[in-house]
Amino acid sequence: MSFLLKKLVLLIILHVTLSEGALLPYGKAHVRLTNLLGSGSSLTIHCQSKDDDLGVHVLVFKDSFEWSFKPKFFIPSTLFFCKIQWQSKVMSFDSYRETRDLQGCNKYCYWDVTPDGPCMLKHGGNRGYDFCYSWDNKKIVGIEQGHGQDMP
């Protein structure tokens with residue numbers, strides 16, 4: 001086989017495997033928001049990215065909304081943000097920011113929306129949260145992600 005033909009075959013294989021997510025370290029990303037506001041409390045969420053509007057959803061206690069997508073690999077710029085409302089409290093937060101979450105939650109970014117605010121579950125089977133956003137002051141509280149910084 002000629003050198004040029006070998007390169008063409010390799011490029012085709014690389015393209016197919018990348019488009020299927022087989023060579024990516026994380027393949028598809030999964031984001032889930034769960035209402036843990038308490039019995040009888042409903043949560044209204046509206047999540048979207050620049051390209052995808054996931055619509056408005058009302059979650060009853062312990063109900064979840066989730067979606068999957070393929071993050072950009074070579075230019076990490078995928079961003080999903082959610083506007084959430086509980087009683088008179090309303091806030092927006094980044095539910096998936098590739099520059100933050102590629103190394104953080106990696107493939108599974110799971111959020112519990114609590115009376116204190118939305119909290120990202122620790123990844124790797126650990127209990128607890130990596131960090132939380134506060135309803136009241138819209139600041140990040142927690143570890144590694146910039147304790148006390150203004151909400152992005």
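Select Trp111 and Tyr133: both are buried (buried means under 20% relative accessible area, exposed over 50%, partly exposed in between, with a 1.4 Å probe and protein chains only). This is a predicted model: local features need pLDDT of at least 70, side-chain atom pairs count only at pLDDT 80 or more, and totals for chains, interfaces and linings use all residues. Residues are numbered from 1 along each chain as its sequence is written, and side-chain values use heavy atoms, with hydrogens and water left out.

Now zoom out to the whole structure, where a search finds 11 aromatic pairs. Rings of Phe, Tyr and Trp (its six-membered ring) pair if their centres lie within 6.5 Å; planes under 30 degrees apart count as stacked, over 60 as edge-to-face and the rest as tilted.

Next, pick Phe69 and Tyr96. Their ring centres are 4.9 Å apart and their planes stand at 75 degrees, so this pair is edge-to-face. Phe69 belongs to strand β4 (residues 64-69) and Tyr96 to strand β6 (residues 89-97), so the contact ties together parts 27 residues apart in sequence. Strands (E, at least two residues) are DSSP runs, numbered from the N terminus. Phe69 is buried, at 10% relative accessible area. Tyr96 is buried too, at 0%.

Return to Trp111 and Tyr133. Here the centres are 5.9 Å apart and the planes at 15 degrees, so the pair is stacked. Trp111 sits in strand β7 (residues 108-114) and Tyr133 in strand β9 (residues 129-133), so parts 22 residues apart in sequence are tied together.

Last stop: Arg32 lies over the face of Tyr110, 3.6 Å from the ring centre (a charge sits over a ring if NZ of Lys or CZ of Arg is within 6 Å of the ring centre and within 35 degrees of the ring normal).

Technical notes: Helices (H or I, at least four residues) and strands (E, at least two) are DSSP runs, numbered from the N terminus.
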